[in-house]
Number of protein chains: 2
Amino acid sequence: MLASKIHATIRQVLPDKGEDIALHEPCFGGNEWAYVKDCLDSTYVSSIGQYVDKFESMLADYTGVKQAVAVVNGTAALHMSLKLAGVKPGEEVLVPALTFVATANAVAYCGALPHLVDSEAKTLGLDPKRLHGYLEEIAQVRRGECVNVKSGRIIRAVLPVHTYGHPVDLEPLMEVCRRFHLELIEDAAESLGSFYKGRHTGNWGKLAVLSFNGNKTITTGGGGAILTNDENLGQLAKHLTTTAKLPHRWEFFHDQIGYNYRLPNINAALGCAQLEQLPDFLEKKRALARRYEEAFRGIEGVTFFTEPAFARSNYWMNVLLLDANQAGELQRVLEFTNDHGIKTRPAWTLMHRLPAFQDCPRMDLSVAEDLAGRLINIPSSSQL
Amino acid sequence: MLASKIHATIRQVLPDKGEDIALHEPCFGGNEWAYVKDCLDSTYVSSIGQYVDKFESMLADYTGVKQAVAVVNGTAALHMSLKLAGVKPGEEVLVPALTFVATANAVAYCGALPHLVDSEAKTLGLDPKRLHGYLEEIAQVRRGECVNVKSGRIIRAVLPVHTYGHPVDLEPLMEVCRRFHLELIEDAAESLGSFYKGRHTGNWGKLAVLSFNGNKTITTGGGGAILTNDENLGQLAKHLTTTAKLPHRWEFFHDQIGYNYRLPNINAALGCAQLEQLPDFLEKKRALARRYEEAFRGIEGVTFFTEPAFARSNYWMNVLLLDANQAGELQRVLEFTNDHGIKTRPAWTLMHRLPAFQDCPRMDLSVAEDLAGRLINIPSSSQL
């Protein structure tokens, strides 16, 4: 039985220590307490304080972008990035059907419509080649803007997701963006520590988004960041996420509708300590992925997913793919592993299967459908 | 010179210790370290963990509401409360012109329009009697809904603010709501610890909002809460603020467009420790207010603002009002005090003076204008 074989193989990699093994847990082995305590002692736990600045500059240094703006979570970062890229109500944004719901929700927060795109098997992310062919059919560039000739709406942007940490194929995607006058925003929520052709994800579009939720490679409790190589956009991101208040010693003047999306200093303090350990976390996560890869090599009916040739992935969330003829076993595998001390989960419900997005425009989604029917996430914490 | 007289009077209450005196600083004198350290040690810093539940139940106990839902900040709580009260795009919501910008922004996030209301001098908040008269002129109830006959839009709700912690006159306001079929949502962001006729603010409308920003009476770094006495609304608030995901061991199914507005556990840990000290903070803040009241009693040209007769206020942010004939001194007082080691600030820029809201519908705002021309906030931290 495949379910018990998969369970046994994971157990071979992760010996039984008498408690359930979570999908992803944070590891606080560095300066977390020192920095958080320092933050408490300073009383600057909120909007003012050194850790937000430090965290932002550490993020920019690590990823290689010009500016990082720390915000309250990845969803807020997505919302702001879409707004900053010029997405307006009634427009469409191309997003993968296979993603966490925040990607599509953020488009909806702008009053825009997610337009759902299929995945490719080698990255699990958006398929640039098929997207190109699809846009040739349904889109035209008119007065410098991409128009969906079927709906009459402007398609403003593409929001690819580096799914489970594996980079999408960015170069052909950038070519699609040039050809169809689309803004590129990278949803790098899952890909801190993942590189495409030697350069960190988040450097390739107009803006990008990170998440530091509790299940991510590093955590701030809840948190996220907007990344950009355009310093004007970076300044505007800071302004918009801090209620659009103009600097003044005592006056409260806000020059537009802004947001309360800044990251509190106490969460940034945690983030600084976590980021210091990122290289170590990444090494451990790669080693765990290699152990899984080895262990699953001989197992029939299932494959451990490995990074695309052009990428160095963070292996945020490890992925098993059942063979096509074993897709019927998916529920049994999930049940058996969860019942026997190993947390696993399937792909997120595809966006067009959710009530909120079932009527959104979409291309043929057969690859995403196929992947979602066979995909299993297995425990991935760096300390494993 | 009034400016130097005011400065000297504040100095008499707050002796010079060689450093600038802030407007409001948090005080961490309780279990902050212990709870935050415990939270880090548990590794449950994010969405899962006991402190969020504990904080919510402590908030409900203290305020006397049936349910409190902790969220990422007061702005998010306002946004969700308006949505839960049924505010829809194209509708209007009555808000005071004299408030922090988040009140009006949250209305805009719903696609609705703030409709600006004047203040009354005895509370600094929305004036129920004048609102009643104004609505008699411009509004009609049609098919059970309040319609602005001038704009043709539905007026869905009233969002009074308990300004600087002082409760608005809620009973006559509730009468206005009954008469005109308006939902009442209390912006109690500033009034944790403030009571109206013996009952805590936040109990009088359909929903209410708290804030735990760094400058508030208690802080979680950044945080807020939705309060309600309607358990169905409370459950829906929790659901909407946690991505509208249905509970399941492994599936990700979201039944509507949700939000990532939950408070991280590490911020809730801080909140629990702070809330334990609230009675002590409130006592100290009242004592400080009494010292100011005494000290300013003999000073001509300026009055220390005290709580309305029907209220017991938290004195979150202390208020001086210049006499009408001294309004021309406002800028000089602000400059002199800020230049000489005492942080002060004026009222927020009135909403109709901000570009985003200058074209919003509004009643005559002469009381708010008058107050904003004479109002000065002075240092208010509980440890002073």
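This is a predicted model: local features need pLDDT of at least 70, side-chain atom pairs count only at pLDDT 80 or more; totals for chains, interfaces and linings use all residues.
1. Let's start with the pair of chains. Chain A superposes on chain B by a rotation of 180° with 0.0 Å of shift along the axis, and the RMSD is 0.0 Å. The two copies are thus related as by a two-fold rotation axis. Both copies use the same surface, since 100% of the contact residues of chain A recur in chain B.

2. Next, the contact between the chains. Chain A puts in 51 residues, and chain B puts in 51 residues. On the side of chain A that touches chain B, at least two residues each come from α2 (32-42), α5 (102-109), α9 (265-276), α11 (330-339) and β15 (345-346). By class, the side of chain A that touches chain B holds 23 nonpolar, 21 polar and 7 charged residues.

3. Within chain A, the domain assignment gives two parts. Domain 1 is made of 2-24 + 279-352 + 361-378, while domain 2 covers 32-277. Their C-alpha centres are 26 Å apart.

4. How do these two domains of chain A meet? In their contact, 31 residues of domain 1 face 41 residues of domain 2. On the domain 1 side, α10 (278-297), β13 (311-312) and α12 (366-372) of chain A are the elements that give two or more residues. Of these, α12(A) gives the most, with 5 residues. The domain 1 side that touches domain 2 divides into 21 nonpolar, 5 polar and 5 charged residues.

5. One helix pair to look at is α1 (residues 2-13) with α10 in chain A. Their axes come within 9 Å and cross at roughly 140°, which makes α1(A) oblique to α10(A). The crossing of α1(A) and α10(A) is right-handed. From α1(A) the contact uses A:Thr9, A:Gln12 and A:Val13, and from α10(A) it uses A:Arg291, A:Tyr292, A:Ala295 and A:Phe296. That contact counts 4 nonpolar, 2 polar and 1 charged residues.

6. A second pair is α4 (residues 74-84) with α5 of chain A. The axes of α4(A) and α5(A) come within 9 Å, crossing at roughly 45°, and the two helices are therefore oblique to each other. The crossing of α4(A) and α5(A) is right-handed. On the α4(A) side you will find A:Gly74, A:Thr75, A:Leu78, A:His79 and A:Leu82, which meet A:Ala102, A:Thr103, A:Asn105, A:Ala106, A:Val107 and A:Tyr109 of α5(A). The classes here are 6 nonpolar, 5 polar and no charged residues. Recall that α5 of chain A also supplies residues to the side that touches chain B.

7. The last pair is α3 (residues 50-63) with α9 of chain A. Helices α3(A) and α9(A) pack at an angle of about 35°, with their axes 8 Å apart, and α3(A) passes α9(A) in a left-handed crossing. A:Tyr51, A:Val52, A:Lys54, A:Phe55, A:Met58, A:Leu59 and A:Tyr62 of α3(A) meet A:Asn265, A:Ala268, A:Ala269, A:Gly271, A:Cys272 and A:Leu275 of α9(A). This contact of α3(A) with α9(A) has 10 nonpolar, 2 polar and 1 charged residues. Helix α9 of chain A is another element on the side that touches chain B.

Technical notes. Residues are numbered from 1 along each chain as its sequence is written. Chains are lettered from A and ligands numbered from 1 in the order in which they are written. Copies are superposed by least squares on the C-alpha atoms of residues with pLDDT of at least 70 in both. Two residues are in contact if their C-beta atoms, placed from the backbone, lie within 7 Å. Domain bounds come from an automatic or database domain assignment. Helices (H or I, at least four residues) and strands (E, at least two) are DSSP runs, numbered from the N terminus. Ala, Val, Leu, Ile, Met, Phe, Trp, Tyr, Cys and Pro count as nonpolar, Asp, Glu, Lys and Arg as charged, and the others, Gly among them, as polar. Axes are lines fitted to C-alpha atoms, for helices over the stretch in contact, and angles run from 0 to 180 degrees between N-to-C directions. Angles under 35 degrees count as roughly parallel, over 145 as roughly antiparallel, 65 to 115 as roughly perpendicular and the rest as oblique. A crossing is left-handed if the near helix is turned anticlockwise from the far one by less than a right angle, and right-handed if clockwise.
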